[in-house]
Amino acid sequence: MATRTLAILVFDDVEVLDFCGPFEVFSVANRFADPPAFEVVTVAEGPGPVLARGGLSVNPHRRLADCPAPGLLLVPGGWGTRTQMHNLAVIDWIGRAAAGAELVLSVCTGALLLAKAGLLDGLAATTHHGAIDLLRETAPNTTVHADHRVVDNGRVVCSAGIAAGIDMSLHVVGRLLGPAVADQTARYMEYPLPPSAV
């Protein structure tokens with residue numbers, strides 16, 4: 001099985017666990033796949049460090065301009081999404097990267113960025129409980145589930161806020177590599193394996 005490139009978008013004021021939780025899940029899953037199933041890279045708009053929520057400094061692996069087309073795209077959330085929603089360079093890149101991706105994933109208010117890129121039209125989605133109304137306003141043609149931790153549309157998978165991104169990532173690992181690998185990954189992380197997504 002070929003190694004899939006997973007590109008995780010990062011930006012100023014991104015929620016730390018939104019991207020670090022999935023980064024951990026997909027990286028740990030590599031322990032149980034030969035060859036490694038995922039090359040996990042962080043991607044930012046420009047050069048230099050990104051200041052995540054709480055001031056954590058992150059050095060992205062790639063810039064938007066030099067990121068190879070990802071097999072999997074993950075868009076996290078955080079307060080920074082309120083700015084990124086209006087950043088045409090980021091929204092355009094999400095649309096282009098998603099076009100060739102096998103799966104497009106969002107955590108928390110990352111769903112707002114998918115909505116701005118037109119990727120949630122006619123689909124179902126979820127987001128952080130504090131942003132449900134904003135997602136409904138931003139994505140009027142999307143069925144928004146306030147009571148689901150993970151919503152799986154097939155190619156587009158969304159999770160609720162923050163720690164729910166770990167549930168979604170384990171769900172995706174299970175889809176791509178099988179339930180045994182998802183179980184091994186969760187056990188290694190000492191995280192309860194979540195129930196199946198909608």
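Me: Which residues does Ile94 touch, not counting residues up to four places away in sequence?
Reply: This is a predicted model. In it, Ile94 touches Leu9, Leu73, Val75, Leu113, Leu114, Ala117 and Leu119, with residues up to four places away in sequence left out.

Me: How many residues are in the largest nonpolar core, and which have the most contacts inside it?
Reply: The core has 66 residues. Ile94 is among those with the most contacts inside it, along with Leu9, Phe38, Trp93, Leu120, Leu135 and Val173.

Me: Where does the largest share of this core come from?
Reply: Helix H6, residues 164-177, which gives 7 residues.

Me: Switching to rings. How many aromatic pairs are there?
Reply: The count is 1 aromatic pair. Phe26 and Phe38 have ring centres 4.9 Å apart and planes at 80°; over 60 degrees counts as edge-to-face, so that is what this pair is.

Me: Which parts of the chain does the pair link?
Reply: Distant ones: Phe26 sits in helix H1 (residues 16-29) and Phe38 in strand E2 (residues 38-44), 12 residues apart.

Me: Is Phe26 buried or exposed? And Phe38?
Reply: Phe26 has a relative accessible area of 0%, so it is buried. Phe38 is at 3% and also counts as buried.

Me: Other topic: where is Pro140, and is it buried or exposed?
Reply: Pro140 lies in the loop between helix H5 (132-138) and strand E9 (143-144). Pro140 counts as exposed because its relative accessibility is 63%, and the cut-off is over 50%.

How values were computed
Residues numbered from 1 in each chain as written. Predicted model: local features only at pLDDT ≥ 70, side-chain atom pairs only at ≥ 80, totals over all residues. Heavy atoms only, no water. Phe/Tyr/Trp six-rings, centres within 6.5 Å; stacked < 30°, edge-to-face > 60°. Helix = DSSP H or I, 4+ residues; strand = E, 2+ residues; numbered from the N terminus. Buried < 20%, exposed > 50% of the residue type's maximum accessible area, 1.4 Å probe, protein only. Core = buried A, V, L, I, M, F, W, Y, C linked by side-chain atoms within 4.5 Å. Contact = heavy atoms within 4.5 Å.
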